[in-house]
Amino acid sequence: MELTLRQAVAADVAEIMRLERAGFAPAIQETEQTFAERLAAAPEGCWVLAGEAGRLFGYLCAEFWPQQAGFDAARFARDHGAASTHRADGEEVYVSSMVVDPATRGTGWGRRLFRGALAAMFARHARLRSTILIVNPGWDAARRIYRAEGFTEIGEIAGYFDAGAGASLPAIVMRRAHT
Ligand SMILES: CC(C)(COP(=O)(O)OP(=O)(O)OC[C@H]1O[C@@H](n2cnc3c(N)ncnc32)[C@H](O)[C@@H]1OP(=O)(O)O)[C@@H](O)C(=O)NCCC(=O)NCCS
């Protein structure tokens, strides 16, 4: 299948929400308001894989943060508002979320979306220096992509993901310096 990587626009939010519901358990899906705010506040960080007739097959959302040593766990709060955290002059990309349509998974589009969207951001914004993200220990496909793309684990946020029955899983924090 041929898909086009392009920057997202406000009209994509309904398709992004369809992908969000297909990508994550209800308890961790983010809201339409969160995505609408990302698209408005940080459009340079929002990218989609577009097919025919307006159908989307993947999205990646990111915002820019001031670079810091280590990380501040509070910044990764789910559904935080990009309008208050995105800094147009930030030096670090924070990849907040990525989903590929289940019908399209396992054929390399996840890796192409991740690599392509980040490459486009770094090509357009010369001040960017690094990329940071969090991942659930059980999200194997995502972890394969991040490791293969040069990310290393820099810490954990305990209790981040609800694992049911009163249990939780940490978020693994990963970072890659831009070379
Ligand atoms: C993560 C995700 C975007 C990857 O998309 P994808 O199109 O399946 O990715 P690719 O086809 O490029 O595969 C990436 C790697 O994961 C591997 N992989 C794919 N599905 C896998 C699975 N279910 N279990 C383990 N590895 C898997 C692939 O073999 C490939 O590894 P390789 O290149 O070393 O062989 C997609 O699985 C998804 O939307 N998951 C749900 C949401 C999510 O976890 N998002 C990421 C965290 S924000």
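In what order do the seven strands of the open sheet run? In this predicted model, local features need pLDDT of at least 70, side-chain atom pairs count only at pLDDT 80 or more, and totals for chains, interfaces and linings use all residues. Residues are numbered from 1 along each chain as its sequence is written.

The strand order is β1-β2-β3-β4-β5-β7-β6, with mixed pairing. Strands (E, at least two residues) and helices (H or I, at least four) are DSSP runs, numbered from the N terminus. Two strands pair if DSSP finds at least two bridges between them. β1 (4-7) and β6 (152-164) stand at the edges with a single partner strand each, so one side of each lacks a neighbour in the sheet. Strand β3 (residues 56-65) and β4 run antiparallel and are joined by eight bridges. Tyr-59 stands opposite Val-99 in β4.

The axes of helix α1 (residues 13-23) and helix α2 (residues 32-41) come within 10 Å and cross at roughly 130°. Axes are lines fitted to C-alpha atoms, for helices over the stretch in contact; angles run from 0 to 180 degrees between N-to-C directions. Val-13, Ile-16 and Met-17 of α1 meet Glu-32, Phe-35, Ala-36 and Leu-39 of α2. Contact requires C-beta atoms, placed from the backbone, within 7 Å. α1 also lies across β3 and β4, at about 95° to β3.

The ligand has 21 residues around it; Arg-105, Gly-110, Arg-111, Ala-141 and Ala-142 come nearest. A residue is near if its C-beta atom, placed from the backbone, lies within 6 Å. α5 gives the most to this shell, with six residues.

Notes: Two residues are in contact if their C-beta atoms, placed from the backbone, lie within 7 Å.
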